[in-house]
Protein chains: 4
Amino acid sequence: MTRKLRMGMIGGGIGSFIGDVHRKAAAIDGMIDLVCGAFSSDAEKSKQSGKALFLNDDRCYTDFKEMILTEKQLPEDKRMDFVAIVTPNHMHFEPAKMALENGFHVVCDKPMTLTLDEALELEAILKRTGKLFALTHNYTGHPMVKQAKALITNGDLGKIRKIQVQYLQGWLSTSVEKTGQKQASWRIDPKRSGIGGALGDIGTHAENLVEYITGLKIDEIAADLGVFGEDRVLDDDGNLLLRMENGAKGTMSISQIALGEENNLAIKVYGEKGSLEWHQENPNQLITHWLENPVKVFTPNGNDLYPEAINVSRIPAGHPEGYLEAFATIYKNFATHLMAVKNNKTIENPDYPTVNDGVRGMQFIYAAVASNQDNSTWTKIK
Amino acid sequence: MTRKLRMGMIGGGIGSFIGDVHRKAAAIDGMIDLVCGAFSSDAEKSKQSGKALFLNDDRCYTDFKEMILTEKQLPEDKRMDFVAIVTPNHMHFEPAKMALENGFHVVCDKPMTLTLDEALELEAILKRTGKLFALTHNYTGHPMVKQAKALITNGDLGKIRKIQVQYLQGWLSTSVEKTGQKQASWRIDPKRSGIGGALGDIGTHAENLVEYITGLKIDEIAADLGVFGEDRVLDDDGNLLLRMENGAKGTMSISQIALGEENNLAIKVYGEKGSLEWHQENPNQLITHWLENPVKVFTPNGNDLYPEAINVSRIPAGHPEGYLEAFATIYKNFATHLMAVKNNKTIENPDYPTVNDGVRGMQFIYAAVASNQDNSTWTKIK
Amino acid sequence: MTRKLRMGMIGGGIGSFIGDVHRKAAAIDGMIDLVCGAFSSDAEKSKQSGKALFLNDDRCYTDFKEMILTEKQLPEDKRMDFVAIVTPNHMHFEPAKMALENGFHVVCDKPMTLTLDEALELEAILKRTGKLFALTHNYTGHPMVKQAKALITNGDLGKIRKIQVQYLQGWLSTSVEKTGQKQASWRIDPKRSGIGGALGDIGTHAENLVEYITGLKIDEIAADLGVFGEDRVLDDDGNLLLRMENGAKGTMSISQIALGEENNLAIKVYGEKGSLEWHQENPNQLITHWLENPVKVFTPNGNDLYPEAINVSRIPAGHPEGYLEAFATIYKNFATHLMAVKNNKTIENPDYPTVNDGVRGMQFIYAAVASNQDNSTWTKIK
Amino acid sequence: MTRKLRMGMIGGGIGSFIGDVHRKAAAIDGMIDLVCGAFSSDAEKSKQSGKALFLNDDRCYTDFKEMILTEKQLPEDKRMDFVAIVTPNHMHFEPAKMALENGFHVVCDKPMTLTLDEALELEAILKRTGKLFALTHNYTGHPMVKQAKALITNGDLGKIRKIQVQYLQGWLSTSVEKTGQKQASWRIDPKRSGIGGALGDIGTHAENLVEYITGLKIDEIAADLGVFGEDRVLDDDGNLLLRMENGAKGTMSISQIALGEENNLAIKVYGEKGSLEWHQENPNQLITHWLENPVKVFTPNGNDLYPEAINVSRIPAGHPEGYLEAFATIYKNFATHLMAVKNNKTIENPDYPTVNDGVRGMQFIYAAVASNQDNSTWTKIK
């Protein structure tokens, strides 16, 4: 293509955390321009947000419907190519559906929808419309996560036996939602979050990371969810046992009341021939252990990497990449795919999370809630 | 006292791992002399073992019965004061019982006995004889474990909400028992190990560490045990959910097939006001997180420690103490207690693991096996 | 302003490392658009590079002179606002001079110039033209470097006594320049690098970091430079003693033949009341030690930070920022300053490296080379 | 031998740091009994110290002369075999000389003597008497230090190019000597410490470690010593440049005013084919980097070790050994050598530090002081 892709954003007004992340992530690789947005249902706030982003007033919309319908009327050389949906969970499905049905591709934050039914419907809409859809399971964008996946895909670790995954945060240790903290307010509210609290917000990341890295489905889970914050109704903590489709076993621990933890997503996978360990807070290391050899530590653009890891490293070894770069890789791979489609080309393996990951995430939430209600009975994810 | 205590050892012949550990641990603080042993049921091997330890032939016995009965006849200024039992699990109860009933105190390796019944009987014998009994849950001897316990006892962490404990090894990843590896052979054999494999060998350490540090009992567990090694019948892996008596929840992951792991015992405890993290492989750090303050890292003999931690540090901050020193602390506290008793003095809190810890450990094994057999049903530890 | 700033780039064609870094860094915060470039002296390559960046052919120039003169003629609403100079050292001064004298602001890679004379002349030109000038000592953009500086500025560490700084790389361990590796070729060539090799490429970063964090000038140095690579003439390694203006002492170790090191820039500063430690490869931690308190570890957007650190953190604690984000902070602060200037506003402390840092860096290189030639005699930096 | 070796101690009364360390180190491996001591020049204190160690009064002496002469008269089956000298530096030479000349072997703390002349005289005495002499450069006893040395000896790292060594402590950051702190009082006193302060106390360890691991002599040094503590006359800080006999270069940084540092001895060695890194505070890791392979981390009793490292590991991988165990290895190797000698056997390479290390250490101190007095002029170590 001879031009950048044009992105419209739904949500992400001033003060938003994840909207800002999406914008920076979309900007890094220079393939995408933000051209319009329905940043807030408050017209004035939407315009103010757009202005701070150097957008013209006429591309700042008050709601996503207005945006989609108006943009659709714009000439092809001005019109947005895709929307990025960065609203709370309950506001994912409707905008995604409308965008797709009006010819726009979609990037959507996770978890994909409010309910499993919505997820399945979205899957059908995508099949029908043939549009592209990326779900921002951003942690799969890290070079060392790609290397981890490649090590297992290539059989270096042998048959997988054991998995430990955790996603621990402490920011809901106290009742911050009662202080008006915006991020907390909607996450503890079933109307906006769905039936899972921490499960949806971070558990789906953990679930997605396990299945992405190992290439194995989680077959069933036994969940013990906790609700520690005063007056909360949704889980803010969870401990789960895992059984994988190949017979491997494991644990998952998630929490938003793990005081002192910042964003401690970490995974260990043990196979018959080797094992690996990755920590999101120090993402530029992949520690591996081997039956016959000492510990090896891989680094982005370091020695002995698989192409999948090299391809997504932007800078030389020793120059740390972080959260935004991994997030940007989702956007980059999506944008590369979309440009190819627009050029009538095919891409073999676009390598970004899609609606399948989204459906899987919703099934995980539903299985965990069901297991927990049944005193941690083993429950299939399906 | 004007003399060192005299120790007789049961088991621990040449080539033994844990016997050598007990001897070194008993030696470090200069309070105990090894004076005799029934190192092996092979008379020649017992003598050879004793010779390598600079013992006279006449104090090297062929079996523990001979040793106990012979030593009992020796004059008070020669006779051993206590026995150290370092045999496989199935050989703990009989020697302990006989030693106690013949007037000797006992230090015993863990798990305490082969069966829960034996454990309860041993408890009764101790009550009857009034002798001292130490169980070598050595990890509780680390200065930073003492500090962890003190932080919680003093309320610094607030009410405990969440626990993660793991004890991961990889040495049974392959079928080393088929190569004649002695350590492996008895550990995978129910006749010598009991009904728990990894459960007894390392799970009891994890269980003991949780209850020691938090001061809380584990109320119930849901266990999913794995048997990954070919032809094995005992668990070599386990994933457990924990519910504590105060409502806290947690996970326990144990394994001897976690390839690449050496001796990765680690614990995290999250409270309402703070949290802590300790790793056995780097035992001279206690990492803590706080609601209002940055991470603090405690070190032995470093700043701001509780007396319980200072008391068991032998050398200045920055001079790492290790596995043997922590093990030695069990012996030191036991020896100090025994010397006091011999001097007709009382010690308030001798601070070493006893028969209560041993009974608890056996109850844990039995509950885990029962839960696992019932497809991970929640099961009380009692 | 109601629009983004417009950047023209000099150098940075396809395959360039640092050009790509500058573009990504400039893009992240959404304040700057790349609008033109003289990416290569090869006309075709320049156009190809521009095309890959979605630029029109007519904004892709063959040399910087053409670009500066042509852009100057463009209407104000199209014309670039500033140039980013990302060429090898010998091509910094001329483009900077010409850009400044033709009304454009400048962002320039380091070291600032080929010679000290050029540096001093550039200083004079800037005084004369009144344009803005940023030198990309990118490591000063890290939140934890800002926190380190603030701790010292606020006196928390007390009087500084001792400094250790190192910048270690291993990529010149072998004669990669003989394989045609482009990055290596010019760095080992005095005509393009100047009189310093590793000194200019990484030593200036170390020098700048020391003076930035401590707020102290290095008074004199004793340098022992090494030339280990076959047929090289410039230093690829250096060990230096430091004496600071306040009496503090220290060491600096730099190397590009420290095999296995990737980009190991690290600094420790010891004061009378506290000390600090920062590592570029794990930049989201600032480890501090205190006379009366345990170790504290600061993290971006974590607890207890000074505003200077909070201001430059883009995402919540635990979400690692990396090399590009710190680099972007230089651009962001420069862009904020330039926008203010364009709006006739004043900014108190723009906080980005300027020509003063550039002159200082050249003086450091010259002092180190002189000291080394005189068998490591103490030599003033001036 | 059929008995343990018998040790007499000079110095090390109640409250002594290093005396207690020597006793524990000598005890761990069960080869040595403490049988007598001149623990203090205060008769009562010497007896009290001996009593606390369960010694009889008649083996507690008031001074080393009395001890040596009395023990010499004891029957061979009671008499001590060797003395351990654990007094301040000024009290090393006389006891060592007298012990050797009266037929006793010697273990001596470092630095070996007060002056270089004493060191050379001791060397001559040893040659004359043929007795054994061990100098407790304890850090060379660590398994991972042995592995480091073996990697270099076997050429795995190729020709050595660069060395970084540091030994940083912070305990003299404040004027603790003015509070009566015993350890500090003599170390800052030239009459008891010699011409080097930190140089002798910790600098000799750093120097010894460099030469032990690399197998290379330090050819010349340029030293800049600091005296930061109020009213001190001896160095409490030092920064040095190193030139090795093979052309390698390096830095050494030592300090006792590096606030917050506990006992941070660390070394990095870079060769043409690989490099290594070891930290005393986490001594059970040896991190290595390779030209063609990822980072490898060695651990005691872990994979791929040289026999030299395996031989001195007491317990399985993952069970940390520490300061006392490394110290004990010096005693163990000395005791093994002494037992062999007593059995008229020969040992090829006894592998413990001897008088040569002691002379070398004194030469290092003298060269550093001379260089510093001459404004850091390069000075040979000889």
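Residues are numbered from 1 along each chain as its sequence is written, and chains are lettered from A and ligands numbered from 1 in the order in which they are written. Because the model is predicted, local features need pLDDT of at least 70 and side-chain atom pairs count only at pLDDT 80 or more, whereas totals for chains, interfaces and linings use all residues.

Chain D contains an open sheet of five strands in the order β2-β1-β3-β4-β5, with parallel pairing. Helices (H or I, at least four residues) and strands (E, at least two) are DSSP runs, numbered from the N terminus; two strands pair if DSSP finds at least two bridges between them. The edges of the sheet are β2 (32-38) and β5 (133-135) of chain D; each has a single partner strand, so one side of each is left without a neighbour in the sheet. On average, neighbouring strands of this sheet are turned by 20° against each other, direction ignored. Axes are lines fitted to C-alpha atoms, for helices over the stretch in contact, and angles run from 0 to 180 degrees between N-to-C directions. Strand β1 (residues 5-10) of chain D runs parallel to strand β3 (residues 82-85) of chain D, and four bridges join them. D:Met9 has D:Ala84 of β3(D) opposite. Helix α3 (residues 64-73) of chain D packs on the sheet and touches β1 and β2 of chain D; the direction of the helix makes about 125° with that of β2(D). Contact here requires that the C-beta atoms of two residues, placed from the backbone, lie within 7 Å.

An open sheet of five strands is also found in chain B, in the order β2-β1-β3-β4-β5 and with parallel pairing. At its edges stand β2 (32-38) and β5 (133-135) of chain B, each with a single partner strand, so one side of each is left without a neighbour in the sheet. Neighbouring strands are turned by 20° against each other on average, direction ignored. Strand β4 (residues 105-108) of chain B is joined to β5(B) by three bridges, and the two run parallel. Within β5(B), B:Leu135 stands opposite B:Cys108.

In chain A, six bridges join strand β1 to strand β2 (residues 32-38), and the two run parallel. A:Met9 has A:Gly37 as its bridge partner in β2(A). Strand β1 (residues 5-10) of chain A is mostly covered, with five of its six residues buried. A residue is buried if 20 or more other C-beta atoms lie within 10 Å of its own, exposed if 12 or fewer, and partly exposed in between, with C-beta atoms placed from the backbone. Strands β11 (residues 274-279) and β12 (residues 286-290) of chain A pair in the antiparallel sense over four bridges and form a hairpin with six residues between them. A:Ser275 is paired with A:His289 in β12(A). Three bridges connect β12(A) to strand β13 (residues 295-298) of chain A, again in the antiparallel sense, and a hairpin of four residues joins the two strands. The bridge partner of A:Thr288 in β13(A) is A:Lys296.

A:Leu234 lies in the loop between β7 (218-226) and β8 (237-244) of chain A. A:Leu234 counts as buried because it has 22 C-beta neighbours inside 10 Å. Not counting residues up to four places away in sequence, A:Leu234 touches A:Ile188, A:Pro190, A:Ser193, A:Gly196 and A:Gly197.

Helix α9 (residues 198-214) of chain B has 17 residues, which at 1.5 Å a residue should span 24 Å; its end C-alpha atoms are 23 Å apart, in agreement. The expected span is 1.5 Å times one less than the number of residues. α9(B) bends by about 35° at B:Thr204, the bend being the angle between axes fitted to the seven residues ending there and the seven starting there. Of the 17 residues of α9(B), 16 are buried, so the helix is largely enclosed by the rest of the structure. B:Gly215 follows α9(B) and has a positive phi, near 70°.

The contact between chains B and A takes 30 residues from chain B and 30 residues from chain A. On the side of chain B that touches chain A, β9(B) gives the most, with five residues. This side divides into 10 nonpolar, 15 polar and five charged residues. Ala, Val, Leu, Ile, Met, Phe, Trp, Tyr, Cys and Pro count as nonpolar, Asp, Glu, Lys and Arg as charged, and the others, Gly among them, as polar. The contact between chains D and C takes 30 residues from chain D and 30 residues from chain C. β9(D) supplies the largest share of the side of chain D that touches chain C, five residues.
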